[in-house]
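Thank you all for making the time this morning.

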Amino acid sequence: MARGEVRNNIRRLRFENGEMTQQQLADKAGVTRQTIIAIEASKYAPSLTLAFKIAKAFDVPIGEVFQYQQDSL
Amino acid sequence: MNKTQKSAWFGLVATLAFLLLSLFLFIEIAILKKMLLPMNLLGATLLFGLGVASVIFICKKQSPIEVETDERDKLIQTRAIVVSFISVGLLLALTCLILRFVIGISGTITVWEFTLINFFVFYVALLVYSVAVLIQYGRGGGDGKG
């Protein structure tokens, strides 16, 4: 049985975008800072809509922010 | 801390304060058999102050354009409501069973006892909801849909 995990590059992208704070990204994506923290720590996989909003905040394609990694059990 | 988390902490503190207050009132009425008015007034003033401070704390935003709730908050709240609803059901069933064996199938309880049971169930539901919200925030809150 295969199990997947959504990995992300939000932390790197934030620093590449003028050291954007988590609060600034949260405000741009229209979510709370706690949600950004949870996504960054891979504790929460966002909805497709939110994933697009985050990618738009960095002005990059969604695939550059989120990657689906499949782990075999 | 966002509004949902703050509200959950408020719910937890308010429930525990209610339980402490109930215990204190029980000691006054059942054991001491007299009302300690200055202590009650002090307690009521402290609770009122705590309530006002909590409302200010809950309404205070980290950022002026910060959203109040998002998809993750809604997911967490929905799960907490389900858990709370189940706990209410279980608690009411347990209460009915206990009453069945304590006072019998055709026994009666007074109106104030019935009111007290309802209040107790409500506060337990609030406690379960608050704890469920806080546990989910600690664990990440599951995954988004759509």
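How much space lies in the largest pocket? Please keep in mind that we are looking at a predicted model, and that in this model the largest pocket holds about 510 Å³ of space.

As for what surrounds that space, 17 residues line the largest pocket, and those lying nearest its centre are B:Phe18, B:Ser22, B:Leu116, B:Ile117 and B:Phe120. Three elements of chain B each give two or more residues to this lining, namely helix H1 (3-32), helix H3 (71-103) and helix H4 (111-139), and the largest share, nine residues, is the one that comes from H1(B). When the lining is divided by residue class, 15 residues are nonpolar and two are polar, while no charged residue is found there.

Let me now move to chain A, where helix H2 (residues 22-29) packs with helix H4 (residues 48-58) at an angle of about 120 degrees, the two axes being 9 Å apart. Because of that angle, H2(A) counts as oblique to H4(A), and the crossing by which H2(A) passes H4(A) is right-handed.

Which residues of the two helices meet? From H2(A) there are A:Leu25, A:Lys28 and A:Ala29, and on the side of H4(A) these meet A:Leu50, A:Lys53, A:Ile54, A:Ala57 and A:Phe58. The residues of this contact between H2(A) and H4(A) comprise six nonpolar and two charged ones, with no polar residue among them.

Note on methods. Residues numbered from 1 in each chain as written. Chains lettered and ligands numbered in written order. Predicted model: local features only at pLDDT ≥ 70, side-chain atom pairs only at ≥ 80, totals over all residues. Heavy atoms only, no water. Axes fitted to C-alpha atoms, helices over the stretch in contact; angles between N-to-C directions. Helix = DSSP H or I, 4+ residues; strand = E, 2+ residues; numbered from the N terminus. Parallel < 35°, antiparallel > 145°, perpendicular 65-115°, else oblique. Left-handed = near helix turned anticlockwise from the far one by under 90°. Contact = heavy atoms within 4.5 Å. Nonpolar A, V, L, I, M, F, W, Y, C, P; charged D, E, K, R; others polar. 1 Å grid on protein atoms, 1.4 Å probe; cavity = no way out; pocket = protein on both sides within 12 Å on 5 of 7 lines; lining within 4 Å. Points joined across faces, edges and corners; volume = space filled by probe spheres on them.
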